[in-house]
Amino acid sequence: MSLRFRLNLMIGLVMLAIIGMGTLFVVHNARRSVAEEVRSSVNLALQLIDAGLEQAVAAGRSPVDWIAQLARLDRTRHLSLSIHQGERTIIDLPSSAAPAAGEEAPGWFAWAVAPEPLVAEKHLHQIGNPMIQIIIDANPADEIAEAWTEARGFLLLMLALAVTVYVVVHTTLGRAFNSVGVILEGLENLENGDYSRRLPEFYLPEFARISRAFNHTVCALEKTREENRALTQRSLAIQEEERRYLAQELHDELGQSLSAIKAIAASLRKPERDDKSTADAVGTIQSICDHLFAVLRTLMQRLRPLMLDELGLKASLEDMIENWRSRYSDIALDFRCDDGIDECVGDSRIHIFRIVQESLTNVVRHSGARHLKIHLSLIETADDRPEALLLKVSDDGAGFDPSRAPAGLGLLGIRERVESLGGRFGLNTRPGAGVTLRINIPCGDKLP
């Protein structure tokens, strides 16, 4: 069963229970009221008979004469009266046959509220005459009809209220579950990768908050997907650019240099060459070989800095910073690196090296800064054990609006590297106020 059906069923059962309890309450009160009214009527009749007999005796009249006057009474609503003397019936006065038209109670109500049969008797003893027996039999039909008239209005009112409550709750739940259906549809679209759908603003505040949170999540996922797509495209473009660069370098530098060496070596085999020509050819070969070594060193440094594996992160960064200072002497660079960094970074040193390298590239290409600070420090626990490293890069350049994505993908690539290491990436910038990166990366033994 769905939640909507179960809630409607529970509400319906509760309303039926309320109606049932109200009916029982009404029947109980009506039964007690009818019983009291019938008992009061019988008691009143007995008291009137006693009072009439006393007055007849006081007036010197015979009780039989006074009793004979009772035969002239009309039928009563609540009582039937019969008087017997010996085996003979003197008076038989039944009660009215039925309640007034339209007031008769239904059978179930009459059965539920009917009191126990109530019969009262009074005996008159006369000397020399048979005993006179007065029998009063209560008839609760009229009282039951009156009780039904009162109870019917209450039951109808209670039924109307129960139906109204059920309709209002059913309608409210229906509107609420319509919102649930829209949310489920949005989640299915999200599961299928459709980030273009947005939830409407619901009228209920709880669902409105869910709608706003869902739309914010979808926007963030859509933005992340676009960033990932851009990063993928950028990664493929960089990969192809690296391949093109390597192919061009191998063709232009290594290919031509090897061809020149081959030609010079072939000329050395000619017998007519003198010693000076041979010495010049050897010198040319040495010069070409030195050039080839420089090209190979540049290519290997571009692919992966060998110093990083041989001397560690700190030495590699210092070497890169010195080369960078020699090329961009107009930018004042303040570089600080704590001792013990190499023991902390572990296998993440290549990523930290690339982050610093990308930061330097961004400063040159985009910031227009005159001062740059790069600080790499350790974050230690209470027992002086390294827990993480903190890289802070700040410049006094142009900055940018952080709510708008920058044109390049350098910062996006840095963030991807940091998140892949389980670190935290912080960016603080605004137009005209420079850029500050604050990157926290766990130590190598704490990486995910």
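This is a short walk through the structure, stop by stop, with something to select at each one.

**Before you start**

The model is predicted, so local features need pLDDT of at least 70 and side-chain atom pairs count only at pLDDT 80 or more, while totals for chains, interfaces and linings use all residues. Residues are numbered from 1 along each chain as its sequence is written, and side-chain values use heavy atoms, with hydrogens and water left out.

**Stop 1: helix α1**

Select residues 3-58, which form helix α1. Helices here are DSSP runs of H or I with at least four residues, strands are runs of E with at least two, and both are numbered from the N terminus. Now pick out Phe5, Leu9, Leu13 and Leu16, which make a nonpolar surface patch of about 400 Å². Patches are made of residues with over 30% relative accessible area and no salt bridge; nonpolar side chains (Val, Leu, Ile, Met, Phe, Trp, Tyr) are joined within 5 Å, and like charges within 9 Å. The areas come from the Shrake-Rupley method with a 1.4 Å probe, and for residues only the protein chains shown count as cover.

Zoom in on leucine 9, which sits in helix α1. Leucine 9 counts as partly exposed, at 39% relative accessibility. The scale used throughout the tour calls a residue buried under 20% relative accessible area, exposed over 50%, and partly exposed in between (1.4 Å probe, protein chains only).

Still in helix α1, go to aspartate 50. Its relative accessible area is 29%, so aspartate 50 is partly exposed.

**Stop 2: some salt bridges**

Side chains of opposite charge can pair when their charged atoms come close. A salt bridge is a side-chain nitrogen of Lys or Arg within 4 Å of a carboxyl oxygen of Asp or Glu, and by this rule the count comes to seven.

Begin with glutamate 185 and arginine 197, a salt bridge whose closest N and O atoms are 3.6 Å apart. Glutamate 185 is in helix α4 (residues 141-191) and arginine 197 is in the loop between α4 and α5 (205-268), so this pair ties together parts twelve residues apart in sequence. Both partners are partly exposed: glutamate 185 has 39% relative accessibility, and arginine 197 has 40%.

Next, select glutamate 322 and arginine 325, whose side chains meet in a salt bridge at 3.0 Å, N to O. What separates glutamate 322 and arginine 325 along helix α8? Because they are three residues apart in that helix (residues 313-327), the separation is about one helical turn. Glutamate 322 is partly exposed at 46%, and arginine 325 is partly exposed at 28%.

Another pair to show is aspartate 334 with arginine 336, where the closest N and O atoms are 3.5 Å apart.

**Stop 3: the disulfide**

A disulfide is a covalent bond between the sulfur atoms of two cysteines. Here the term covers a pair of cysteine sulfur atoms within 2.5 Å, and the structure holds one. Which residue does cysteine 344 join? Its partner is cysteine 443, with an S to S distance of 2.2 Å. This pair links distant parts of the chain, 99 residues apart: cysteine 344 is in helix α9 (residues 341-345), and cysteine 443 is in the segment after β9. The link is left-handed, with -85° about the S-S bond.

Is cysteine 344 buried or exposed? With a relative accessible area of 2%, cysteine 344 is buried, and cysteine 443 is also buried at 2%.

**Stop 4: charged patches**

A charge is placed at NZ of Lys, CZ of Arg, CG of Asp or CD of Glu.

Select Asp338, Glu380, Asp383 and Asp384 to see a patch of negative charge on the surface. Aspartate 338 is in the loop between β5 (332-337) and α9.

Then switch to Lys373, Lys392, Arg424 and Arg438, which form a positive surface patch. Arginine 438 belongs to strand β9 (residues 435-442) and is partly exposed, at 45%.

**Last stop: helix α11**

Finish at residues 410-420, helix α11, where the buried residues are Gly410, Leu411, Leu412, Ile414 and Val418. Following α11 is glycine 422, whose phi is positive, near 75°.

Note on methods:
Lys, Arg positive; Asp, Glu negative; His and termini not counted.
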